[in-house]
Amino acid sequence: MSGQSSWQDQMTRICSWMNGTIQLKKLFIPSIIVIAALLGLIIPLAKKTCPKCRETCLGDWLQFRNNCYLYDTEKKNWLESQKLCKSLDADLVVIENHQELALVQKFQGSWIGIQRINGQLYWVNGTLLNDALFPLTDPGDCAYISTDKISTDGCSTNKSAVCSKRLTVT
């Protein structure tokens, strides 16, 4: 069998330490195919942070639990920011709890989904702002993330924005 490699020589890549050097044996091609197939299955699963979600966030969107977030650095007024979010099948972010607030606070100075209508503050989904969760006393009509809280400003002020959309959960 001179000139032919034995089956053991074609097995998976083996590194062994011998006399101070590393010897590499040949790769066995079927092993590479199996490894590639396993990586193809594992990598998409590792990207999910919501195990019951049927989808994941795409591109520049950040995933936290069952929501996707997009930070738009281009400065726009509140209405233009909401229009941008709508064009992406999203809304300016609606913050539902303090964990989500902690995430969104990383985008200080950005518009979020609160607007004053007839003297009352509403989220863009139509829910009245819960003052116990997010006390707001500023006189502005549109909300943004400030250093350590939610603040309001005039809606015509140009700011960055945070859009969000909910993932489909099974």
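Student: With which residue does Arg-166 form a salt bridge, and how far apart are the closest N and O atoms?

Tutor: The general idea comes first. Side chains of opposite charge can pair when their charged atoms come close. In this predicted model, Arg-166 pairs with Glu-96 in a salt bridge, and the closest N and O atoms are 2.6 Å apart.

Student: Are Arg-166 and Glu-96 buried, exposed or partly exposed?

Tutor: Buried means under 20% relative accessible area and exposed means over 50%, with partly exposed in between. Arg-166 has a relative accessible area of 45%, so it is partly exposed. Glu-96, at 43%, is likewise counted as partly exposed.

Student: How many salt bridges does the structure hold?

Tutor: There are six. One of them joins Asp-72 to Lys-76, with the closest N and O atoms 2.6 Å apart. Both Asp-72 and Lys-76 are buried. These two residues are also linked with Glu-74 in a network of salt bridges.

Student: Which residue meets Asp-153 in a salt bridge, and how accessible are the two partners?

Tutor: The partner of Asp-153 is Lys-159, at 3.2 Å from N to O. Asp-153 has 24% relative accessibility and therefore counts as partly exposed. Lys-159, at 11%, counts as buried.

Student: Let us turn to the nonpolar residues. How many residues has the largest nonpolar core, and which have the most contacts inside it?

Tutor: To read such a core, one looks for buried nonpolar residues joined through side-chain atoms within 4.5 Å. Here the largest one has 19 residues, and those with the most contacts inside it are Ile-95, Ile-112, Ile-114, Trp-123 and Ile-150.

Student: Which elements give two or more residues to this core, and which gives the most?

Tutor: They are α3, β6 (110-117), β7 (120-123) and β8 (142-145). Helix α3 gives the most, with three residues.

Student: With which residues is Ile-150 in contact, leaving aside its neighbours within four places in sequence?

Tutor: Among them are Ile-95, Leu-101, Ile-112, Ile-114 and Phe-134. The list also includes Leu-136, Asp-138, Ala-143, Tyr-144 and Ile-145.

Student: What other core lies apart from this one?

Tutor: Another core, of 14 residues, lies apart from the largest one, and Trp-61, Ala-90, Trp-111 and Leu-167 are among its members.

Methods
Residues numbered from 1 in each chain as written. Predicted model: local features only at pLDDT ≥ 70, side-chain atom pairs only at ≥ 80, totals over all residues. Heavy atoms only, no water. Salt bridge = Lys/Arg side-chain N within 4 Å of Asp/Glu carboxyl O. Buried < 20%, exposed > 50% of the residue type's maximum accessible area, 1.4 Å probe, protein only. Helix = DSSP H or I, 4+ residues; strand = E, 2+ residues; numbered from the N terminus. Contact = heavy atoms within 4.5 Å.
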